[in-house]
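Good morning, colleagues. Please turn to the model on the screen, and I shall begin with a point where two chains meet.

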Amino acid sequence: MSYPRIAVLFGIVLSVIIFAISTALYSRGSLSDQNSSKLDSFGGHTPGYPTLQTTGDVLDPTSFVINPKTAVVEPMKYLREFNYGKLSASSNGTVIRDFTIIASDQQTKEVSPGVFYNVWTFNGTIPGPTLRATEGDTIRITLMNNGSKFHSIHFHGIHPSEMDGVFEGIAPGGKFTYEFTAEPFGVFPYHCHMQPLEEHITHGLYGALIIDPKKPRASADEMVMLMNGYDTDFDTENNFYTVNGIPYYYMHHPIQIDKNRLIRIYLLNMLEFDPLNNFHLHANMFDFYKTGTKLIPDEYTDIVTMNQAERGILEFSYKYPGKYMFHAHKTEFAEKGWTGLFLVKEGTNQSINENLNVTLTRNSTNYSISDFNNTTDLVSTGGVN
Amino acid sequence: MEIEEGNTSNTHRVSMRTILFGVVPFIVIGTMIVLLLNSPGILFQSSIKPLPEISIEKVEFLDDSTIVAFVRNTGPSEITIAQADVNDRIYPAAVEPGRTLTRFADAKVIIPFVWNTGEPYEIGITTDDGTRFGEMVNSAAEAPRPTVGQASTFALIGTYVGIIPVMIGLAWYPFIRRLSPNKYNFFLSLTAGLLVFLGIDALLESNEIAVDTLAPAFNAQILIIMVAIVTLVTLLYVSQRLIQRASKRSKPEIEYKPGYSSHSEPDLGTRNTKSSSRSLQQQLLIRPIAISMMISIGIGLHNFGEGLAIGAAVLLGEVALSSFLILGFTLHNTTEGLAIVAPMAKSRRIPLAKLMIMGLIAGGPTILGAWIGGFLYSPIATVIFLSIGAGAIFQVVYSIGSWMYHTNGSRGLLNNHWIIMGFALGMLIMYLTGLLV
């Protein structure tokens with residue numbers, strides 16, 4: 001009986017072919033299990049999570065540093081960089097501050113390790129430069145449009161209609177000088193106000209303007225923190241959240257501050273799509289000055305929540321050295337990049353002296369003692385306020 | 001290919017001109033390709049980067065603390081993986097063999113993550129242009145490891161789901177042999193109904209996998225039809241050759257008794273019918289066994305696909321294999337044994353050992369399928385195997401139909417109410433037992 005035998009053979013051959021195909025499809029995958037000379041470790045940042053070894057490439061946005069040449073911003077530089085403009089005086093003695101801002105919209109830069117996005121920028125970075133003036137100064141900002149679309153700068157604050165950057169767009173190749181008196185003191189966002197507004201903002205055309213009161217605030221370690229996000233796949237949901245432009249940057253580059261030194265953060269929210277964003281400080285409390293337009297704090301807290309374009313000033317100092325997190329207490333944002341660290345070091349004598357100075361020169365703030373159980377804590381924090 | 005030319009001496013020597021005429025279009029195409037590739041600026045601006053496409057083909061959960069995603073670049077151009085996330089939260093990860101994938105290349109993304117059994121997870125992969133691709137896993141479950149213990153578990157499942165039901169079905173053999181012609185036709189067409197159901201079921205299931213899991217780049221839906229048709233015609237060819245060869249070899253000692261209907265002439269491509277009656281008798285002897293063998297193979301392929309599905313379901317954490325589910329499969333697959341023995345009812349008695357071999361061919365692949373599906377699950381392989389199974393099954397249905405037609409004296413099939421009833425009932429049985437699975 002040859003026919004069943006042939007059929008059996010046929011069945012066997014078919015099974016072999018089937019097995020060969022399926023094995024071939026997976027030979028590639030199993031190759032990587034072989035040992036190689038190059039082994040990298042990854043994972044293990046979180047307690048309880050394993051550290052594994054791989055022969056392949058490691059993806060780790062929480063600890064990778066972007067090459068500054070391709071990065072959309074250097075967050076450590078941005079943090080404490082204030083542009084005071086080119087100073088001159090008018091005939092009546094008013095200080096004039098001249099700034100130049102170049103808008104562009106055709107660059108592709110790295111916004112998170114390995115992720116490249118078409119960024120629209122003021123002066124080549126997201127966020128744009130932090131402009132700083134004193135109340136009463138004349139601010140002159142020349143916007144040069146180096147992009148392919150109409151752009152403008154709309155400043156928050158008080159100024160004439162034609163300086164509002166809404167109805168007059170600057171054509172590609174064109175330029176315009178915005179001129180107004182710096183008033184009132186406070187923290188203000190600036191951003192492009194061309195339509196579609198959402199597009200111009202989410203691509204990165206924004207920054208901070210700080211107007212100092214005539215009588216300066218107390219000396220402090222000052223920094224700007226601008227909260228934003230990137231929707232890199234254009235589904236009107238942010239893929240990344242950051243403070244100062246690059247996700248997780250301050251996790252691998254903690255912000256170094258001195259113990260007991262007054263820290264002042266100018267905090268702004270320019271996050272698109274998500275209605276809320278917030279800032280939470282670990283193991284500490286801060287005075288919060290809403291919009292920065294008053295010298296008396298509105299709140300003593302460890303979290304502040306902001307809508308888009310809301311901003312304020314935070315003041316605090318750390319009592320104990322060590323590492324302290326700050327992050328959005330919307331945990332989704334925190335776990336998509338909006339997380340950072342302060343590294344508090346034993347302060348130098350100078351900073352302690354400054355701190356004492358601050359205590360002497362500043363108005364004491366009235367707190368209801370019943371809100372707090374620990375009076376000594378209140379006193380020591382109150383000393384900073 | 002047959003070349004139909006009268007002058008045979010010319011056909012052996014193909015002239016240079018013929019070759020030239022055959023090659024000219026290729027030269028033109030080649031020139032065009034070279035021109036297009038070397039002057040991109042002239043005709044087509046390539047400033048727009050094609051959209052990336054990644055398929056996450058499988059997600060495995062290991063050791064309570066690691067998630068492994070198997071990804072494939074199914075887009076038109078090379079891509080680089082930038083980041084990985086779990087439930088839209090970015091986590092450190094590793095890509096093996098490397099983060100840059102050429103077209104259709106695959107990679108393993110390993111994410112250290114403490115996962116919880118039974119909870120849903122979405123695994124996301126972000127490419128260097130910021131596009132995110134997600135894959136939802138409904139219920140996390142420890143991936144089966146290719147250990148002896150796990151392999152034996154799958155073998156046991158395969159035995160219960162594949163081999164035992166088929167063997168039970170084979171036990172209908174003596175019953176089928178005692179049936180009258182009409183009742184025999186009834187059971188043959190019942191078999192055809194069962195098989196048509198299985199074939200359609202395989203096509204639908206592979207279509208579902210193609211749509212849900214496979215990237216459009218694979219053109220998987222047309223692949224299903226293509227593979228099924230190619231399998232069908234190939235098996236038709238193979239079975240015809242098997243019958244022809246067997247006819248030539250076997251001696252004219254025939255046990256077949258014409259019994260109920262054998263007046264027909266064979267229609268097959270045997271044009272040199274010098275001894276048509278002998279050839280017919282041989283065919284009537286041989287074909288039932290050949291058909292049964294083809295049914296075994298076809299059902300074997302089907303059960304291989306079923307095994308893949310069971311293994312993959314365990315792997316993907318989609319089913320907890322309960323005794324009830326196994327009972328359902330058993331009832332469902334018992335009908336497959338019936339399908340194997342039905343054509344042989346009126347032929348010479350088949351030794352038990354041969355029956356067992358057929359049963360193993362039909363049921364055994366379930367085990368193989370469960371192993372491959374559980375340890376090496378691949379949606380594209382599953383789609384291909386299911387399509388092969390569907391093609392094989394339709395070939396068997398054709399053989400049964402053709403066999404019934406000839407044994408009925410070429411009086412047609414659709415005018416016999418036994419056949420129609422059997423066919424309908426066969427499908428109904430499959431549908432109802434299928435509800436148990």
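Strand β3 of chain A runs antiparallel to strand β5 of chain B, residues 93-96, and three bridges join the two. Strands here are DSSP runs of E of at least two residues, helices are runs of H or I of at least four, and both are numbered from the N terminus. Within this pairing, A:Val58 stands opposite B:Ala94. Two strands count as paired if DSSP finds at least two bridges between them.

A word on conventions. This is a predicted model, in which local features need pLDDT of at least 70 and side-chain atom pairs count only at pLDDT 80 or more, while totals for chains, interfaces and linings use all residues. Residues are numbered from 1 along each chain as its sequence is written, and chains are lettered from A and ligands numbered from 1 in the order in which they are written.

The pairing belongs to an open, antiparallel sheet of five strands, ordered β3(A)-β5(B)-β7(B)-β2(B)-β1(B).

I turn now to chain A itself. It holds seven helices and 23 strands, and 43% of its 385 residues are buried (20 or more other C-beta atoms within 10 Å of the residue's own, with C-beta atoms placed from the backbone).

Strand β14 of chain A, residues 240-243, is covered on both faces: A:Phe240 and A:Thr242 are buried on one side, A:Tyr241 and A:Val243 on the other. Four bridges join β14(A) to the antiparallel strand β13 of chain A, residues 221-230, and there A:Asn228 stands opposite A:Thr242.

Conventions
A residue is buried if 20 or more other C-beta atoms lie within 10 Å of its own, exposed if 12 or fewer, and partly exposed in between; C-beta atoms are placed from the backbone.
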